[in-house]
Amino acid sequence: MDGRCPTLFWRPDALTVWGDEEVRRRLSWYHAVMTDEKPAKFIICKHTPIDPDIELKEAEEKELWSIHEKTSEEFRKIHEKIANGTLKLGELEKQEKSFLDLKIELVHRLVQSCRLCERRCGVNRLKGEKGFCRLDSVSRVSTWFHHFGEEAPLLGGGGHPVGGSGTIFFTSCNLRCKFCQNYDISFNPENGVEVDAKRLALIAKELRREGAANINYVGGEPTPNLHTIIESLKHLNVNVPLLWNSNMLCSEETMKILCEVIDIWLPDFKFGNNNCADRLTAGGIDYVKIVTRNHIIAHKNGDMIVRHLVMPNHLDCCTKPVLEILAKKLDKDRILVNIMGQWRPEYYVARHPEKYPELMRRVSSKEMREAFDYADQLGLVYKPVS
Ligand code: SF4
């Protein structure tokens with residue numbers, strides 16, 4: 001795939017977007033990894049040592065988290081030096097026992113009494129038990145391909161071939177929106193094919209070799225599959241930015257694991273209050289609190305494009321409060337926001353128009369204009385990414 005790819009006829013913005021200084025600055029780490037100027041964070045993890053004498057499988061989980069906290073500080077120093085060019089990866093040795101091994105073991109513990117997301121089901125998925133997401137420890141992938149419908153910077157360009165986003169769709173979901181546009185994937189855990197860590201690494205490697213700009217973990221939802229994803233990185237031996245495309249119901253523990261692994265975040269912030277979240281999803285979670293917390297953690301630990309889908313008649317209750325949270329709680333100078341207008345009633349909402357009368361139409365251009373104007377007022381940067 002090269003710069004003359006026919007895709008450029010309908011996504012020329014994949015090239016032009018990198019001419020925007022703000023995009024380059026806000027996505028500088030992602031861009032450097034995409035173009036192979038810098039190593040991805042998961043590769044730096046493999047070069048970050050932990051005590052070689054520690055028996056990971058024997059240690060108490062508490063002890064493992066304590067080591068994780070210390071190693072995380074060490075990782076930050078190394079990452080900063082690599083980012084500012086005062087250290088090269090080649091100056092570090094690949095470790096027999098690394099930060100990545102520690103993360104793999106910790107995620108193994110999390111799945112044994114599942115706390116991968118804030119549902120905190122506590123089931124032992126390694127023994128075949130299933131929680132809210134209806135997944136045991138087997139991960140399934142519905143499909144994977146070079147996605148050319150994602151935000152322009154995620155398609156390549158800027159010195160990398162426009163190879164699309166190497167998107168891997170995991171089955172099942174822990175949020176279950178009643179308007180899900182991927183409901184065949186999200187609501188059927190048995191969809192797709194089984195993947196283990198090695199197979200997942202092979203899929204990622206092939207996507208990158210074919211020109212993908214990044215590996216885009218999505219679904220459904222990637223979070224319940226973290227154990228397979230994190231272990232796959234042990235087998236992944238190509239440089240590629242990792243992208244977390246998530247509903248952000250991750251537990252705090254999962255966020256700690258991801259912070260030193262994910263190069264660019266693509267989180268959804270859908271609802272501005274818990275009433276709408278409860279009404280339009282499976283409910284039962286403190287949506288705004290959890291998702292706000294995770295956005296704050298993520299944006300401190302990587303580049304970020306936040307997605308918000310505007311819903312008809314939900315401007316005052318959802319769109320505006322979400323934009324306010326982003327503007328107040330995150331560093332406006334570092335994030336990009338994609339305010340999306342492609343709402344269409346799908347799945348349960350479409351089948352029950354009497355329950356959701358306000359959602360039975362497309363978003364109007366007036367509503368979109370109001371959303372953009374509000375983002376402008378708040379000083380959020382949104383325009384160059386879609
Ligand atoms: S991933 Fe979340 S929903 Fe699934 S079993 Fe674990 S805690 Fe429950």
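This is a predicted model: local features need pLDDT of at least 70, side-chain atom pairs count only at pLDDT 80 or more; totals for chains, interfaces and linings use all residues.
Student: Which strands stand at the edges, and why is one side of each left without a neighbour?
Tutor: Strand E3 (193-195) and strand E8 (336-340). Each has a single partner strand, so one side of each has no neighbour in the sheet.

Student: How are neighbouring strands turned against each other?
Tutor: By 30 degrees on average, direction ignored.

Student: Mixed pairing, you said. Do E1 and E2 run parallel or antiparallel?
Tutor: Antiparallel. Strand E1 (residues 139-147) pairs with E2 over 6 bridges. His146 has Gly166 in E2 as its bridge partner.

Student: And what does Gly166 stand opposite in E4?
Tutor: Ile215. Strand E2 (residues 165-170) and E4 run parallel, joined by 4 bridges.

Student: Stay on E4. Are its residues buried or exposed?
Tutor: Buried, on both faces. Ile215 and Tyr217 lie on one side, Asn216 and Val218 on the other. In a regular strand, side chains alternate between the two faces of the sheet.

Student: How many bridges join E4 to E5?
Tutor: There are 3, and the strands run parallel. Asn216 is paired with Leu243 in E5.

Student: Which helix goes with E4 and E5?
Tutor: Helix H9 (residues 226-235). Together they make a right-handed β-α-β unit.

Student: What about E5, H10 and E6: right-handed or left-handed?
Tutor: Right-handed, again a β-α-β unit, with H10 covering residues 252-259. E5 and E6 are parallel, with 4 bridges. Asn245 has Leu266 in E6 as its partner.

Student: Is E6 covered or open on its faces?
Tutor: Both faces are covered. Ile264 and Leu266 are buried on one side, Trp265 and Pro267 on the other. Trp265 also has a bridge partner in E7, Met304. E6 and E7 pair in the parallel sense over 2 bridges.

Student: New topic. Which residues come nearest the ligand?
Tutor: Cys114, Cys117, Cys121, Gly131 and Cys133, out of 14 residues around the ligand.

Student: What classes make up that shell?
Tutor: It has 8 nonpolar, 3 polar and 3 charged residues.

Student: Last one, H15. How far does it reach?
Tutor: Helix H15 (residues 365-378) reaches 20 Å from its first C-alpha to its last. That is close to the 20 Å expected for its 14 residues.

Student: What follows H15?
Tutor: Gly379, with a positive phi near 80 degrees.

Key. Residues are numbered from 1 along each chain as its sequence is written. A residue is near a molecule or strand if its C-beta atom, placed from the backbone, lies within 6 Å of it. Ala, Val, Leu, Ile, Met, Phe, Trp, Tyr, Cys and Pro count as nonpolar, Asp, Glu, Lys and Arg as charged, and the others, Gly among them, as polar. The expected span of a helix is 1.5 Å times one less than its number of residues. A residue is buried if 20 or more other C-beta atoms lie within 10 Å of its own, exposed if 12 or fewer, and partly exposed in between; C-beta atoms are placed from the backbone. Two strands pair if DSSP finds at least two bridges between them. A crossover is right-handed if, with the strands pointing away from the viewer, the path from the first strand over the helix to the second runs clockwise. Axes are lines fitted to C-alpha atoms, for helices over the stretch in contact, and angles run from 0 to 180 degrees between N-to-C directions.
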